[in-house]
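Please keep the structure open beside them and look up each part as it is mentioned.

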Amino acid sequence: MKQLPTTTTGLTGNLTVPGDKSISHRALMFGAMANGTTKIAKILHSDDVTSTINALKAVGVKISEANGITEVVGKGVNNLNDPWGPINMGNSGTSTRLLTGLFTGANLAATIVGDASLSTRPMKRITRPLSEIGGTIISDDGHLPLQIKKSLLLPVIHQKLTVGSAQVKSAILLAGLAAGADTYVTDNFHSRNHTEQMLPKFGVEVDYKNDTIHIPAHQELQATEIEVPGDISSAAYWIVAGLITPNSELTIKNVGINPTRTGIITVLKKMGGNITIVPQETVGEPMADITVKTSQLHGIKIAGQIIPSLIDEIPIIALAATQADGQTVIADASELRVKETDRIKTVSDELNKLGAKIVPTTDGFIIDGKVSLRTDKIHVSGHTDHRIAMMLSIAALVTNGTIILDDDESVKISYPTFFNNLEGIV
Ligand SMILES: O=C(O)C1=C[C@@H](OP(=O)(O)O)[C@@H](O)[C@H](O)C1
Ligand SMILES: C=C(OP(=O)(O)O)C(=O)O
């Protein structure tokens, strides 16, 4: 439980956000599959990434940390061993789905379990395509626990995504890569592409034809060095905080700006946000310093192809919309219903408690702008969902009442230093 800070003077200063969660998971997994020792700089230290580390250790991979560098001693794609007992993926959907693909392709037998939230999240989206390509995964009604049986995959794999999910895309690509199959995955949704972008750094050939990603058969991964950029999903809280809090100017340094992740910048600029992007030198994915200044935002419609590129940022975009002129409509985002919580429900319920006027719809929200959020003492809850907890902490900045967050601990999932950063700018 935590009383959230507010500000009367505005937010100023520079911030550095921790490493990108999606890239951290993948660097560890590909390092585990590689020959040799992979060195990862600026990895995210958080509970979700710890779930991936523990799962990889359970299949025999050695991972250590010294002087800020994480070392993964790769075992090669064919040498992972069956774990002794169930592997607990905690709260992490990415660890669960990508590693289920990897373990299936690597011909392992493993049982995957997770926390209460993860156990409600849909797994048929991976068990169906993985079984179509030769895997055997037993699950209770499409949920955890998953029992992965030893299986030999087809030599040639063709799959087309039916949901705009990088986790599903990556699960199939990793299964095919681990099994040595000739693998084609079509992603018309243009979901985040960190898997395809990073594999060539490990020496893997990846080809494209339109929206189809092709990984030719029988490839080995070679260890490499990865530097993880700052997570734009974490920077998102400061971007919105700087825009909606009066008298503010914030610079967030070294943020990853992979175009499959920057939907939030596109949308907030379209809403009238004063946002400056200054590209920075990088050895990996593109990176920039992002400066934001207080701006009067305007309501817009956010829907269609852009949704996958800002899916995790929708809670904080919804908060921005409550402070905009006019109405904002968010649609085509039903994926929010199957995240750590039903984020359409938790965003609407908790912000409406603070006085927002948000109508939840089946696949998004209708949000009235220019509401002043309430000023008396009130408890809010992220319902154990890190992104809801962080969004509510930013909402508190534009109230001047006493807002108590019941579950501040959940920020450990993706951003353990969130409250230190918040205290540094108020
Ligand atoms: O691949 C990834 O690293 C992720 C993909 C997204 O999920 P989906 O691909 O299931 O939409 C996102 O919500 C999650 O935080 C991380
Ligand atoms: C949805 C998220 O993560 P995951 O699916 O990995 O649990 C998230 O971080 O918002």
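1. Helices here are DSSP runs of at least four residues, numbered from the N terminus, and the model in which they are found is a predicted one.

2. The residues around ligand 1 are Ser22, Thr94, Ser165, Ala166, Gln167, Ser170, Ser191, Arg192, Ile311, Asp312 and Glu335. When this shell is sorted by class, six of its residues are polar, three are charged and two are nonpolar.

3. Around ligand 2 stand Asp48, Ser92, Gly93, Thr94, Asp312, Lys339, Glu340, Arg387 and Ser414. This shell holds five charged and four polar residues, and no nonpolar residue.

4. The chain is divided into domain 1 (2-19 + 229-425) and domain 2 (21-217), and the C-alpha centres of the two domains lie 29 Å apart. Their contact takes 22 residues from domain 1 and 22 residues from domain 2, and the side of domain 1 that touches domain 2 has nine polar, seven nonpolar and six charged residues.

5. Helix H1 (residues 21-33) packs with helix H2 (residues 47-58) at an angle of about 10°, and their axes are 9 Å apart. Because angles under 35 degrees count as roughly parallel, H1 and H2 are described as roughly parallel to each other. In this contact Lys21, Ser24, His25, Leu28, Met29 and Ala32 of H1 meet Asp48, Val49, Thr52, Ile53 and Leu56 of H2, and by class these residues divide into six nonpolar, three polar and two charged.

6. Four strands form an open sheet in the order S5-S6-S4-S16, and their pairing is mixed. Strand S5 (62-66) and strand S16 (225-227) stand at the edges with a single partner strand each, so one side of each has no neighbour in the sheet. On average, neighbouring strands of this sheet are turned by 20° against each other, direction ignored.

7. Strand S4 (residues 37-41) and S16 run parallel and are joined by three bridges, and Lys39 stands opposite Glu225 in S16. H1 packs on this sheet, where it touches S4, S5, strand S6 (69-73) and S16, and the direction of H1 makes about 170° with that of S4.

Technical notes: Residues are numbered from 1 along each chain as its sequence is written. Chains are lettered from A and ligands numbered from 1 in the order in which they are written. This is a predicted model: local features need pLDDT of at least 70, side-chain atom pairs count only at pLDDT 80 or more; totals for chains, interfaces and linings use all residues. A residue is near a molecule or strand if its C-beta atom, placed from the backbone, lies within 6 Å of it. Ala, Val, Leu, Ile, Met, Phe, Trp, Tyr, Cys and Pro count as nonpolar, Asp, Glu, Lys and Arg as charged, and the others, Gly among them, as polar. Axes are lines fitted to C-alpha atoms, for helices over the stretch in contact, and angles run from 0 to 180 degrees between N-to-C directions. Helices (H or I, at least four residues) and strands (E, at least two) are DSSP runs, numbered from the N terminus. Angles under 35 degrees count as roughly parallel, over 145 as roughly antiparallel, 65 to 115 as roughly perpendicular and the rest as oblique. Two residues are in contact if their C-beta atoms, placed from the backbone, lie within 7 Å. Domain bounds come from an automatic or database domain assignment. Two strands pair if DSSP finds at least two bridges between them.
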